[in-house]
Amino acid sequence: MIEGVKISGSLRNRLTVSLIGGAAVLALLMYFIVRAYATQIAQQGQDNILGASVNSILDAANVSEGFIDVDFPYASFSMLGTDTDDRVFYAIYQDDELLSGYDGLAQIFPEVDKGSAYGNTTFKGAPVRLASASRMLVGADLRVQLTVTVAQTQDSLLGALNRIGRNVAIFGAGFFLLVVILAFWATSTAIGPLAQLTTSVARRGPQDLSPVASPVPREMAPLVFSLNKLMARLEYSLSRSEDFIAEAAHRVRTPLATVRSHAEATLLRVDKEENRQAMRSMIRAIDESSRAAGQLLDHAMITFRADNLDQKNIDLVELVQDLAMRLSPIAEMRDIELQLDALGPVSVIGDAILLQNAIRNLVDNALKYAPSESIVRLVVATTPKPSISVVDEGAGFPVGEINLLPDRFARGSNSGGIIGSGLGLTIAQEVAEAHGGGLTLNNHSRGGACVTFSF
Amino acid sequence: MILTFLVQPVLAEEWEDQQFFGSATSQKTLRILSNTDTRFFAPIIESFLKSQPSVSVKYLVTGSAELYDIFRTSPEDFDVVISSAMDLQFKLVNDGYALALGDLEHPDWAQWRESLFAFSTEPATIVINREAFEGVPTPSSRQDLIKALRQRPETFQGRVGTYDVRHSGLGYFFATQDARASETYWRLTEVFGSLGVRLYCCSGDMIDDLVSGKIAVAYNVLGSYALGREDAQSQIKVILPSNFPTKMMRSAFVSTNTRLPDVAGTFIKHLTGIQADISKAATFPLPPLDRTVEPAISLDPALMTYLDRLKRRTFIQEWESAIIQ
């Protein structure tokens, strides 16, 4: 179906990939942002507790009898208990001198009475978060700056972060999966109208060059507009060439009629047998040309009318009867009996002129190929579909060519000596197709051809 | 004289007890530093050695405060450290002296950092000499005790004993936890002071003096030790104070400097396996880990509070001013 079309990439893939790629970037971004945010919040939580611990120790400090006493509560450290049993270190400094606690714990000396300062360091081989705060203590003859630092390892924080990270990763992956599904759905939805257009164009009959009628998305309008224009041009040039053929046929037929009457007159006047023979051949050739021109005209008319069917309610039996009557002189000339088989009126919707033309061509063929003193039966049936069959008692269609015969200008191998243009079956077939039906050719089991025109 | 003074503290540590279990020719000797009397641990060590025939155990006993100092000075000399002073044990672990044992099933509240494992629940008790309380009701709480002591000061003068918190790690731990729980502790201490209290290093000595009748009341004695003296139950009576009993959890950890981490880990597993299972522990002398209630004194950083130099100084000052009159 798409042989011969050069393919470069795929809209669907491009759309899907860009949507999925975007989603992946967003998911990663979300992961990192939420993680960073969570880190900040978790760190804030730890800092708050460390700060509270530091302050509870500082608050317990007082100067009594020249001594610094820091009788801090049990809660100062118990508030630092964590699920993961983080280690706790602390140091209490009087000015620059360690008063109590762990020696070597990195000191930040925040400004006095300016709240806690926080930092990260490593102590006893473990990374710790520490909080520090300072307070000025004033005694009788004493004025010291007391600095308290409390540090805690970060196992609990890291555990929490890992948990959050894992959850965010799961959410991110879920989000990504959802977007992937949405991307496929969105892509199909976006590509859908294109596929619809493709189907509607592909399903068209060979003659259908009408513009695309169903609405299309805005983005596809230029394409459809161009397509419609292309088809209009195609139709125009097609009808031009049909017109040309019709015109040509018409122009040829009239002079041919003149030539024929002259030839007939001449035939009456010549006596020499060889001259008469030549004249007869000439008349015969003229007849053939004239018939071909006539059929070309018919064909052009059918091509035109097929696109603009003049739909009317028609009784097939009446139509065939009428036709049989008109053709009976020719039949009688050949000693052939036209026999109509019909049970009752068969009504169909169709173009009477086209149908007449088509059936006449079929009957014409039958009359041409049927032997003398035979019967040509015209069968009008209603089931399974309304149809007209033309059955003769002639030699039948040449086996093996049966499918090719409806082609333009195709003639059977048994047609030698019989006048014909090869357009009769083509016309019948095109009319049948214009009416949504078909033409079936087969040979009767007892000999003779059978052509069924069905709706 | 000077030489001895210089050499002695370095070379010979004054062990309260020192026992060797298993074959002397064994390749691996697990060195356990403990403040728990050998008789409580011998059955556990023996059952451990049954499953580890190639191992021998050197069991070294010292006081809880000395244990802390000895271990901090030479942590590489010991594989397993066992002590009843929860605070000191906690501090050692917090300071990074303990090895984490990842594969040990133990209640969360009874362990810290998968390194420190509590394996017994032992209350501090009031132990009285039955004779001294003949004809009078035995006290059931600290308030009762205060009342009883005040009513008959002549009976109890110089006959009351408790830990010297300045030298006993466990005594200090019990005292600080008592003080934290109730003001009654200070009132009691003042009464003790007024009666000329005798100060002891260890539960064992207090029980000895109770049995002999040298003292009539001992406060904050390890109930397990007192009950463990089966021969003395007719002379003494163990009373669990009805309000806020102070309960200590004995704990153990493996030193980071151990040369036998696998054996030491297996020993801790063996120990906790016995002690955390009441039916198993019943066949051993050490009280089991009480799994029915979470302890009032939990393994958390607050244990380090009273180990703070300033806090300790303040506490000791207060204690001294109350008890030494």
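Begin in chain B by selecting helix 5 (residues 142–151) together with helix 8 (residues 184–194), which pack at an angle of about 20° with their axes 10 Å apart; helices here are DSSP runs of H or I with at least four residues, strands are runs of E with at least two, and both are numbered from the N terminus. The axes are lines fitted to C-alpha atoms, for helices over the stretch in contact, and angles run from 0 to 180 degrees between N-to-C directions. That angle makes helix 5 of chain B roughly parallel to helix 8 of chain B, a term for angles under 35 degrees.

The model is predicted, so local features need pLDDT of at least 70 and side-chain atom pairs count only at pLDDT 80 or more, whereas totals for chains, interfaces and linings use all residues. Residues are numbered from 1 along each chain as its sequence is written, and chains are lettered from A and ligands numbered from 1 in the order in which they are written.

Staying with this pair, display the side chains of B:Arg142, B:Gln143, B:Leu145, B:Ile146, B:Leu149 and B:Arg150 on helix 5 of chain B, and those of B:Thr184, B:Arg187, B:Leu188 and B:Val191 on helix 8 of chain B, the residues that make the contact (C-beta atoms, placed from the backbone, within 7 Å). By class, this contact of helix 5 with helix 8 of chain B has five nonpolar, two polar and three charged residues; Ala, Val, Leu, Ile, Met, Phe, Trp, Tyr, Cys and Pro count as nonpolar, Asp, Glu, Lys and Arg as charged, and the others, Gly among them, as polar.

Next, colour chain A by domain: domain 1 (1–203), domain 2 (238–305) and domain 3 (309–454), with bounds from an automatic or database domain assignment. The centres of domains 2 and 3 of chain A, taken over C-alpha atoms, are 24 Å apart, and their contact takes 10 residues from domain 2 and 14 residues from domain 3.

Now select the open five-stranded sheet of chain A, whose order is 9-11-12-14-13 with mixed pairing (strands pair if DSSP finds at least two bridges between them). Its edges are strand 9 (337–341) and strand 13 (438–443) of chain A, each pairing on one side only. Within the sheet, strand 12 (residues 387–391) and strand 14 (residues 449–454) of chain A pair in the antiparallel sense over five bridges, and A:Ser387 stands opposite A:Ser454 in strand 14 of chain A.

Notes. Angles under 35 degrees count as roughly parallel, over 145 as roughly antiparallel, 65 to 115 as roughly perpendicular and the rest as oblique. Two residues are in contact if their C-beta atoms, placed from the backbone, lie within 7 Å.
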